Each structure stands twice: as C-alpha cells, then as structure tokens.
Amino acid sequence: MKRLLLFVLLLALVAGGYYYYSSLKKGPEYALLQAAAATQTHDQAAFNRYVDVDALTGHLVDNVADHSGALAALVPGGGLALRGGLRLLKPQLAKAAHNEIQRYVETGSLEAAQAAAPSAWSIFPYWG
C-alpha cells in the first residue's frame, strides 16, 4: 500500500514537473531568452525563429505615426503632414528598420552595426 502511494506521488511529481517545463518553454520569457542568446551568438536564423521582425518593424512605424503629436509640436502645423508622410513611407521605413535589426544581430553591437551600414548617400549613385 505504501509503495503504491509512493509510486502515485512520484508519478504526480514527474507529471507536474513536465507540465511546468512545457509551460515555461512555450512562454514569452523563454522566447526572450532564446532571442537574446541568438543575438549573442549572432545566429540570424534562431533570432528570426523567436522574433517576428517584419511585424515588429511594421508596428514600430505605426506607433511612431500614432504618437507623432510630440513630434508635431516641434513643427507648427506639421502634425498631419508628418503623420501622412510616415504612413506613405511605412514600407521603406520598416525595411530600413528590418535591415538595422539584421545588422545588429549579425555584428552584436550598435557601433559595429553602424560601421557596417552603407552610408545614407550610397543609395544615390551620383552623390555618394
């Protein structure tokens, strides 16, 4: 009888431990830890597995456009134009942010990512 009770208790403990481990592995904390580890090891594929960079950069541009009131205070009467300009340039801004995140993961530091980035004038063939 004692052996059966001990076996059931041990089985419940193992099942509870497995459930706890699987819930941790599916949680956001685990994904953040894995993304940080991928950044430290410069593993772009692992980083992309845990971070949806396209959605992140798209929402970043949307949030800046939605909160452009603080920026509009710097330019009198320019709030509507600034918001409209950000909406029009969303694909280009999101792509630029995506490229910066990719460079950061590849290099591991902001300074190295900035040094690896092409200059702003290099997109114009006759100016750069």
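How exposed is K90, in terms of relative accessibility? At 28% relative accessibility, K90 is partly exposed. On that scale, buried means under 20% relative accessible area, exposed means over 50%, and partly exposed lies in between, with a 1.4 Å probe and protein chains only.

Hello everyone, a word on ground rules. This is a predicted model, where local features need pLDDT of at least 70, side-chain atom pairs count only at pLDDT 80 or more, and totals for chains, interfaces and linings use all residues. Residues are numbered from 1 along each chain as its sequence is written, and side-chain values use heavy atoms, leaving out hydrogens and water.

Now the overall picture. The protein chain has 8 helices and 0 strands, where helices (H or I, at least four residues) and strands (E, at least two) are DSSP runs numbered from the N terminus. Of the 128 residues in the chain, 20% are buried. For confidence we use pLDDT, the predictor's score for each residue from 0 to 100. The chain averages 81, and 77% of its residues reach 70 or more. Among the elements, helix α3 (residues 44-50) has the highest mean pLDDT, 92, while helix α5 (residues 69-72) has the lowest, 65.

Back to K90 and its partner. K90 and D62 meet through their side chains in a salt bridge, 3.1 Å from N to O. The rule here is a side-chain nitrogen of Lys or Arg within 4 Å of a carboxyl oxygen of Asp or Glu. This pair links distant parts of the chain: K90 sits in helix α7 (residues 90-107) and D62 in helix α4 (residues 53-66), 28 residues apart.

The rule gives 2 salt bridges. R103 also bridges to E100, with the closest N and O atoms 2.5 Å apart. These two are 3 residues apart in helix α7, so about one helical turn separates them. R103 counts as buried at 17% relative accessibility, whereas E100 is partly exposed at 39%.

Let's turn to aromatics. Rings of Phe, Tyr and Trp (its six-membered ring) pair if their centres lie within 6.5 Å; planes under 30 degrees apart are stacked, over 60 edge-to-face, and the rest tilted. The count is 1 aromatic pair. Y30 and Y50 make an edge-to-face pair, 6.3 Å centre to centre with 80° between the planes. Y30 is in helix α2 (residues 28-40) and Y50 in helix α3, 20 residues apart, so this pair too links distant parts of the chain. Y30 is partly exposed at 26%, as is Y50 at 30%.

Between α2 and α3 there is a loop, and H42 is found in it. H42 is not a glycine, yet its phi is positive, about 60°. Most residues other than glycine have a negative phi. H42 is partly exposed, at 38%.

Last stop, helix α1. The expected span of a helix is 1.5 Å times one less than its number of residues. For the 24 residues of α1 that gives 34 Å, which agrees with its end C-alpha atoms being 34 Å apart. This helix is hardly covered, with a buried count of 1 among its 24 residues. L11 lies in α1, residues 2-25, and is exposed at 51%. Together with L4, F7 and V8, L11 forms a nonpolar surface patch of about 410 Å² accessible area. Patches take residues with over 30% relative accessible area and no salt bridge, joining like charges within 9 Å and nonpolar side chains (Val, Leu, Ile, Met, Phe, Trp, Tyr) within 5 Å. The areas come from the Shrake-Rupley method with a 1.4 Å probe; for residues, only the protein chains shown count as cover.
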